[in-house]
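Please examine the sequence and the structure shown below before reading the report.

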Amino acid sequence: MQHMDNHGHPNGAAASQNADGVWHNLKPAPGLWAADVAVPEGQSACVVVQQGQMAWVGPEAQLPAAYQALPRHDARGALATPGLVDCHTHLVYGGQRANEFAMRLAGATYEEVAKAGGGIVSSVKATRAASEDELFAQAVPRLQALLAEGVCAIEIKSGYGLALEHERKQLRVARRLGEAFGVTVRTTFLGAHALPPEYAGRSQAYVDLVCNEMLPVLAAEGLVDAVDVFCERIAFTLAETEQVFQAAQKLGIPVKLHAEQLSDMGGSALAARYGALSCDHIEHLSADGVAAMKAAGTVAVLLPGAYYTLRDTHLPPIAQLREAGVPMAVSTDHNPGTSPALSLLLMANMACTLFRLTVPEALAGITTHAAHALGLQGTHGLIASGRPANFVLWPVVEAAELAYWFGHKPACTIVRQGRIRGVMP
């Protein structure tokens with residue numbers, strides 16, 4: 001097995017070892033293994049990996065004879081969860097915005113920062129000025145921090161280019177990151193993130209550009225897995241959002257939405273009508289929005305990092321979502337302005353402490369439900385036979401520790417895309 005560097009990262013982006021064999025002496029994480037896998041209390045479980053797939057999952061005592069002679073990997077009683085899924089990030093961008101953090105601490109609101117030339121437009125300027133290679137180099141340490149903590153699938157949005165060549169640049173970097181680090185990357189086109197300065201006062205002209213030029217071209221180049229919009233008073237209206245959704249629908253691309261973060265715009269109900277994968281933020285989500293999301297099977301993505309950074313006080317309607325049975329995912333929302341977070345486990349802790357999620361809800365939120373929010377529910381977010389080998393072994397006594405500790409990076413063993421990427425000492 002490979003050695004780790006001083007930061008807990010594999011030595012070199014491509015450093016890995018084939019994970020084929022029998023992973024035994026595992027402790028299953030409750031609720032995160034396939035429902036048909038019943039491991040009696042006090043007994044160990046095992047996962048058989050063959051050709052990068054989980055070929056068999058179940059109690060160690062029931063391991064089929066056909067697998068008995070395979071190489072063995074002793075997990076020494078570690079807790080086994082699916083690979084983590086970070087389902088909402090803006091990981092690729094130029095520069096940073098620490099100055100805005102200081103502005104907000106001095107009393108400026110999110111909207112005041114934006115009107116002062118900060119906010120998304122500030123990152124647009126830095127992203128446009130950076131080359132593709134520079135954006136890649138800046139994104140690498142961010143991605144490595146997430147991967148070292150067990151992330152096996154991640155969404156990366158565009159939205160800091162706001163022009164065809166620069167949106168393309170961001171999405172190309174996202175694809176490159178997935179290839180370079182052996183991680184599942186889902187790209188989301190967020191051309192309708194903010195109005196670029198050159199289109200000031202001409203929002204309809206920009207929406208036309210997004211719908212008629214940018215999206216079709218980028219989709220044809222294979223760079224778009226989903227389409228997103230920031231539907232808000234300081235961004236795009238409900239009517240403009242629907243135009244983008246219609247353009248995506250014509251191309252057969254699924255949609256998602258930055259919805260109800262600062263006010264109730266009714267975006268979630270609109271997104272649900274288009275079968276949205278997810279509605280994200282949703283602090284101001286209405287009862288009608290909850291009902292629409294439930295009917296559409298749309299996932300609610302909770303972003304406690306942004307809530308915390310903005311010092312928000314308007315909680316998402318957790319009890320109503322829970323009562324309606326709307327699946328709740330949890331993500332970092334990594335971005336330079338409102339959630340410069342690089343720990344999905346910290347977000348699980350925040351979801352529990354700030355939003356009052358239970359531990360099982362939080363852990364499902366960074367695995368099973370997060371995978372669903374990306375349309376990856378058939379391949380990620382659950383330990384089950386027939387799926388790609390993406391799982392994490394944690395040196396903890398109980399699952400609650402994953403949400404309990406914060407500021408602590410557990411030395412986990414990571415199997416990602418059938419390769420051993422990180423190893424316990």
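## Confidence of the model

The structure is a predicted model. Its mean pLDDT is 94, and 96% of the residues of the protein reach 70 or more. Among the elements, strand β14 (residues 328–330) has the highest mean pLDDT, at 99, whereas helix α2 (residues 110–115) has the lowest, at 80.

Over residues 1–14, pLDDT stays under 50. For this stretch the model has 30 contacts beyond four places in sequence.

## Packing of helices α6 and α7

Two packed helices are described by the angle between their axes and the distance between the axes. Helix α6 (residues 203–220) packs with helix α7 (residues 238–250) at an angle of about 10 degrees, and their axes lie 10 Å apart. Because angles under 35 degrees count as roughly parallel, α6 is roughly parallel to α7.

On the α6 side, the contact consists of S203, Q204, V207, D208, V210, C211 and L215. These residues meet E240, Q243, V244, A247 and A248 in α7. Classified by residue type, the contact of α6 with α7 has seven nonpolar, three polar and two charged residues.

## Strands β9 and β10

Strand β9 (residues 184–192) pairs with β10 in the parallel sense, over three bridges. The bridge partner of T188 in β10 is A226.

In a regular strand the side chains alternate between the two faces of the sheet. Strand β10 (residues 226–229) is covered on both faces: A226 and D228 are buried on one side, and V227 and V229 are buried on the other.

Notes. Residues are numbered from 1 along each chain as its sequence is written. Side-chain values use heavy atoms; hydrogens and water are left out. Axes are lines fitted to C-alpha atoms, for helices over the stretch in contact, and angles run from 0 to 180 degrees between N-to-C directions. Helices (H or I, at least four residues) and strands (E, at least two) are DSSP runs, numbered from the N terminus. Angles under 35 degrees count as roughly parallel, over 145 as roughly antiparallel, 65 to 115 as roughly perpendicular and the rest as oblique. Contact means heavy atoms within 4.5 Å. Ala, Val, Leu, Ile, Met, Phe, Trp, Tyr, Cys and Pro count as nonpolar, Asp, Glu, Lys and Arg as charged, and the others, Gly among them, as polar. pLDDT is the predictor's confidence in each residue, from 0 to 100. Buried means under 20% relative accessible area, exposed over 50%, partly exposed in between (1.4 Å probe, protein chains only). Two strands pair if DSSP finds at least two bridges between them.
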